[in-house]
Amino acid sequence: MMDPCLYTFIDKLEAEHTLYASEWQQLLDGYTPRLAAYLFEKSRRARIQFYGHDVYIRGLIEFTNYCRNNCYYCGIRSGNTHVHRYRLTKEEILSCCETGYELGFRTFVLQGGEDPYYTTARLSDVVHTIRTTYPDCAITLSTGEATKEEYQQLFDAGANRFLLRHETYNTEHYQKLHPAQLSAAHRQQCLWDLKEIGYQVGTGFMVGSPWQTSEHLAEDLLFLKELNPQMVGIGPFIPHHDTPFAGQKAGTLELTLFLLGLIRLMLPGVLLPATTALGTIAENGRELGILSGANVVMPNLSPKRVRGDYLLYDNKISTDAEAAECRRELEQHMQSIGYQVVTARGDSLNITP
């Protein structure tokens with residue numbers, strides 16, 4: 001029998017945009033398809049109130065798969081000797097931007113491992129060139145942890161946004177997923193530094209990572225409320241065959257969608273991607289993500305020859321499609337559920353007080 005207070009919690013979240021830790025846990029532990037349907041009706045309404053039926057596209061450029069870190073879940077971890085490593089040159093990155101701009105992209109997302117070759121000076125040079133060449137575009141970086149001074153230099157070069165998923169807020173859980181030299185506290189401090197500098201900040205977490213509990217997820221949600229980011233990226237944990245977590249169970253589509261809906265009600269003006277990982281675990285995963293409250297998709301602008309080498313997890317979709325094909329395919333999928341892909345920069349409406 002469904003506990004009627006769970007519906008009350010969703011009503012409270014819609015009205016007050018916050019819950020207590022115990023209420024978050026009860027909601028997550030009490031998941032049913034019927035409860036999810038009740039949530040999605042409200043999260044869709046909130047999403048449409050802020051963003052209409054528009055779906056923003058971001059041009060993703062995965063410019064290096066070298067990484068100094070050895071995170072236990074990641075396919076490009078430094079300890080994986082089976083990865084075919086690559087890094088794009090500045091000219092290749094600019095070529096990706098040129099292609100994307102012609103296709104209508106007005107946000108470029110430069111994502112990579114923490115590659116020692118791409119020093120702050122080198123990356124700042126790339127960012128500055130993109131900024132001067134495409135002044136009407138947003139530039140998003142997703143390049144991992146750095147010092148506040150390094151983040152400031154990249155911001156001064158022209159970067160607008162920064163994506164740094166905190167992965168899990170809980171200190172003990174974080175240590176089970178990462179080597180000892182990495183810490184949850186440092187990663188969270190990076191996010192506060194980015195906010196203070198003036199970036200539009202994105203964070204997020206894996207759903208269903210090994211040893212994750214509803215208590216951990218409640219902590220993640222409370223952290224999101226405190227940080228009040230402009231974007232939240234969540235996706236299901238998907239194991240990679242060349243990592244210590246190869247035999248672990250993947251996160252579920254159902255819980256990921258449920259969390260998307262909860263986050264939309266908690267932060268109604270936030271940018272919320274329907275991630276590639278969602279589309280990987282279910283053929284219509286990204287469409288279901290949009291119908292749960294998401295409003296962003298990120299097609300791949302990386303050269304086709306390297307897409308198969310940027311594998312954070314197994315069976316990643318769209319590694320063989322060209323950028324133009326990705327966009328056309330996404331447009332068709334979004335139109336099929338009553339939404340339209342738009343080429344605007346799509347700045348966040350979740351304005352930091």
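1. Let's start with a term: a residue counts as buried under 20% relative accessible area, as exposed over 50%, and as partly exposed in between, using a 1.4 Å probe and protein chains only. By that rule Asn-228 is buried, with a relative accessible area of 14%. Asn-228 lies in the loop between helix 9 and strand 8 (231-232), and its phi is near 55°, a positive value in a residue other than glycine.

2. Before going on, a word on what you're looking at. This is a predicted model, where local features need pLDDT of at least 70 and side-chain atom pairs count only at pLDDT 80 or more, while totals for chains, interfaces and linings use all residues. Residues are numbered from 1 along each chain as its sequence is written, and side-chain values use heavy atoms, with hydrogens and water left out. Helices (H or I, at least four residues) and strands (E, at least two) are DSSP runs, numbered from the N terminus.

3. Now compare Trp-211, in the loop between strand 7 (206-207) and helix 9 (214-227). Phi of Trp-211 is near 70°, again positive in a residue other than glycine. At 44% relative accessibility, Trp-211 counts as partly exposed.

4. Where does His-240 sit? Look in the loop between strand 9 (235-236) and helix 10 (253-266). His-240 is buried, at 4% relative accessible area. Its side chain reaches the backbone nitrogen of Asp-242 at 3.0 Å. A polar contact is a pair of N or O atoms within 3.5 Å; within protein, one must be able to donate a hydrogen and the other to accept it, and residues adjacent in sequence count only if both atoms are side-chain atoms.

5. On to the strands. Strand 2 (residues 59-64) has 6 of its 6 residues buried, so the rest of the structure largely encloses it. Strand 2 pairs with strand 3 (residues 107-112) in the parallel sense over 5 bridges; two strands pair if DSSP finds at least two bridges between them. Ile-61 stands opposite Leu-110 in strand 3. Between strand 2 and strand 3 the chain passes through helix 4 (residues 90-102), and this β-α-β crossover is right-handed (with the strands pointing away from the viewer, the path from the first strand over the helix to the second runs clockwise).

6. There is also an open sheet of 3 strands, in the order 10-1-11, with parallel pairing. Its edge strands, strand 10 (296-297) and strand 11 (340-342), each pair on one side only. Strand 1 (residues 54-57) and strand 11 share 3 bridges, and Asp-54 has Gln-340 as its bridge partner in strand 11.

7. How much space lies in the largest pocket? About 280 Å³. Of its 18 lining residues, the closest to the centre are Asp-115, Tyr-118, Thr-120, Thr-143 and Glu-145. Helix 6 gives the most to this lining, with 3 residues. On a 1 Å grid over the protein atoms alone, a pocket is an open set of points with protein on both sides within 12 Å along at least five of seven lines, a cavity is a set where a 1.4 Å probe fits but cannot get out, and lining residues have an atom within 4 Å of a point.

8. Finally, the structure holds 2 cavities of 30 Å³ or more. The second largest cavity has a volume of about 100 Å³; grid points are joined across faces, edges and corners, and a volume is the space filled by probe spheres set on the points. Strand 5 (161-163) and strand 6 (200-203) each supply at least two residues of the lining of this second largest cavity.
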